[in-house]
Amino acid sequence: MLVPSLLSLAISIFAGLLSVSTNEEIVQVIARGIALVSLFVSLVLAPWLVLLILAVPLIGVKLAQNPQ
(Lines give C-alpha, C1' and ligand atoms only; values in the text may rest on other atoms or scores of the structure.)
Protein backbone atom coordinates (compact mmCIF):
# COMPACT_ATOMS: atom_id res chain seq x y z
CA MET A 1 0.00 0.00 0.00
CA LEU A 2 2.97 2.30 0.42
CA VAL A 3 3.91 2.37 -3.28
CA PRO A 4 0.44 3.47 -4.54
CA SER A 5 0.31 6.07 -1.79
CA LEU A 6 3.70 7.49 -2.75
CA LEU A 7 2.78 7.42 -6.45
CA SER A 8 -0.42 9.33 -5.74
CA LEU A 9 1.51 11.81 -3.60
CA ALA A 10 4.03 12.34 -6.42
CA ILE A 11 1.19 12.99 -8.89
CA SER A 12 -0.31 15.47 -6.45
CA ILE A 13 2.98 17.33 -6.05
CA PHE A 14 3.55 17.43 -9.82
CA ALA A 15 0.02 18.73 -10.45
CA GLY A 16 0.44 21.37 -7.74
CA LEU A 17 3.71 22.57 -9.25
CA LEU A 18 2.11 22.63 -12.69
CA SER A 19 -0.78 24.75 -11.44
CA VAL A 20 1.65 27.27 -9.94
CA SER A 21 3.97 27.47 -12.93
CA THR A 22 1.41 27.87 -15.74
CA ASN A 23 -0.43 31.01 -16.78
CA GLU A 24 -3.38 29.25 -18.43
CA GLU A 25 -6.47 29.44 -16.25
CA ILE A 26 -8.06 26.16 -17.37
CA VAL A 27 -4.80 24.28 -16.83
CA GLN A 28 -4.51 25.75 -13.33
CA VAL A 29 -8.05 24.68 -12.39
CA ILE A 30 -7.64 21.16 -13.76
CA ALA A 31 -4.20 20.72 -12.20
CA ARG A 32 -5.47 21.87 -8.79
CA GLY A 33 -8.40 19.46 -9.05
CA ILE A 34 -6.07 16.59 -9.91
CA ALA A 35 -3.78 17.60 -7.04
CA LEU A 36 -6.66 17.59 -4.53
CA VAL A 37 -8.00 14.23 -5.71
CA SER A 38 -4.54 12.67 -5.70
CA LEU A 39 -3.82 14.03 -2.23
CA PHE A 40 -7.08 12.55 -0.95
CA VAL A 41 -6.29 9.18 -2.56
CA SER A 42 -2.80 9.30 -1.07
CA LEU A 43 -4.23 9.83 2.41
CA VAL A 44 -6.74 7.01 1.93
CA LEU A 45 -4.01 4.59 0.83
CA ALA A 46 -1.52 5.66 3.50
CA PRO A 47 -0.58 3.15 6.20
CA TRP A 48 -1.99 3.70 9.69
CA LEU A 49 1.39 4.67 11.11
CA VAL A 50 1.77 7.52 8.61
CA LEU A 51 -1.76 8.75 9.36
CA LEU A 52 -1.02 8.62 13.07
CA ILE A 53 2.20 10.60 12.59
CA LEU A 54 0.23 13.25 10.67
CA ALA A 55 -2.73 13.35 13.07
CA VAL A 56 -0.95 13.64 16.42
CA PRO A 57 0.69 17.05 15.78
CA LEU A 58 -2.56 18.42 14.31
CA ILE A 59 -4.54 17.34 17.36
CA GLY A 60 -1.84 18.74 19.65
CA VAL A 61 -1.96 22.13 17.94
CA LYS A 62 -5.76 22.16 18.14
CA LEU A 63 -5.68 21.35 21.86
CA ALA A 64 -3.00 23.99 22.51
CA GLN A 65 -5.12 26.67 20.85
CA ASN A 66 -8.23 25.86 22.91
CA PRO A 67 -7.18 25.25 26.54
CA GLN A 68 -10.01 24.36 28.86
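Start by selecting Ser12, which sits in helix α1 (helices here are DSSP runs of H or I, at least four residues, numbered from the N terminus). Before you go on, note that this is a predicted model, where local features need pLDDT of at least 70, side-chain atom pairs count only at pLDDT 80 or more, and totals for chains, interfaces and linings use all residues. Residues are numbered from 1 along each chain as its sequence is written, and side-chain values use heavy atoms, with hydrogens and water left out.

Is Ser12 buried or exposed? Its relative accessibility is 10%, so Ser12 counts as buried (buried is under 20% relative accessible area, exposed over 50%, partly exposed in between, with a 1.4 Å probe and protein chains only). Now show what Ser12 touches: setting aside neighbours within four places in sequence, you'll find Ala35, Ser38 and Leu39 in contact (heavy atoms within 4.5 Å).

Colour Ser5, Ser8, Ser12, Ala15 and Ser19, the buried ones in α1. Look down the axis of α1: the buried residues fall within an arc of 90°, so they line one face (the arc uses directions from the helix axis to the C-beta atoms). Their cover includes α2, residues 25-45.

Last stop: select α3, residues 48-65. The number of buried residues among its 18 is zero, so α3 lies largely in the open.

Terms used:
Helix = DSSP H or I, 4+ residues; strand = E, 2+ residues; numbered from the N terminus. Expected span 1.5 Å × (residues − 1).
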